[in-house]
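Biologist: Could you take me through one part of this model up close, and then show me how that part sits in the whole chain?

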Amino acid sequence: MFSAHPSISPDVARLAPGFRALSISVSAAPLVNVSLGEEALRIACEEVLNGQPVWAEAHLNAWSETFRAFGAKPKRTPCSAEALRKRVLRDGFMTALDPVVDLYNAVSLRYAVPVGGENLDAYRGAPRLIISDGSESFDTLKDGIPFMEKPDAGEVVWCDDLGVTCRRWNWRQGIRTRLNSSDKHMWFILESLPEMPIEALHDAGQMLTDGLEVMMPGMRSEIKLISTF
């Protein structure tokens, strides 16, 4: 089993002592049920519009406070789960992009939890959640052209040996490790704070792995709970 082994730096642990996450490594199989992701996304949008889950506001507010703690402005750069929910509340739906991406976006919406999906084969070294010193590189696009930028010093980022893979904890993903359904080895990270019930975090992981099993029969997964305590 080709697995990710993520770590959390002590500095991040001090910043968010209640942080816990599910790390899910997946060895993919051929796609069979390609419509599952889009259907899951449609149902999740309906759940959001119906005010579910009931603890969503408390969890997303906790993420906003955590972002403020390392100098981010959550109204400008919210956590990924809040950004998705705002789009659904504004538009009433979310356009399908890719079967696997649609599925993990559906999990994020249904459980008000930031979910990252990464191409594990693009990593060099293990994923690490750290506080940036501002010298790391982050690959993105500027006016549609590949561009390298630097995170802010003091910013919480995911990174590997080559640079930052996601800025402002879970706000914006880099290009190099971006996931799609053709990737062979996938890594998902579901990130929560204490305002999200731990049972709901495990349910969110189950929704993801159950969906992937239907989507690509024969896939294999490995789940680990990581935390700052």
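Modeller: **A close look at helix α4**

Helix α4 covers residues 80-91, twelve in number, and spans 17 Å from first C-alpha to last, close to the 16 Å expected at 1.5 Å a residue, where the expected span is 1.5 Å times one less than the number of residues. Bear in mind that this is a predicted model, where local features need pLDDT of at least 70, side-chain atom pairs count only at pLDDT 80 or more, and totals for chains, interfaces and linings use all residues. Numbering runs from 1 along each chain as its sequence is written, and side-chain values use heavy atoms, with hydrogens and water left out.

Helices here are DSSP runs of H or I with at least four residues, strands are E runs of at least two, and both are numbered from the N terminus. Buried in α4 are Ser 80, Ala 81, Glu 82, Leu 84, Arg 85 and Val 88, buried being under 20% relative accessible area with a 1.4 Å probe, protein chains only. Those buried residues pack against α2 (36-49), α3 (56-69), α5 (99-111) and β3 (115-119); contact means heavy atoms within 4.5 Å. After α4 comes Gly 92, with a positive phi near 85°.

Now the whole chain: it has six helices and eleven strands. Its radius of gyration, over C-alpha atoms, is 16 Å, close to the 17 Å that the globule rule gives for 229 residues, so the chain is as compact as a globular protein of that length. That rule is 2.2 Å times the number of residues to the power 0.38. Of the 229 residues, 53% count as buried.

Conventions: Buried means under 20% relative accessible area, exposed over 50%, partly exposed in between (1.4 Å probe, protein chains only).
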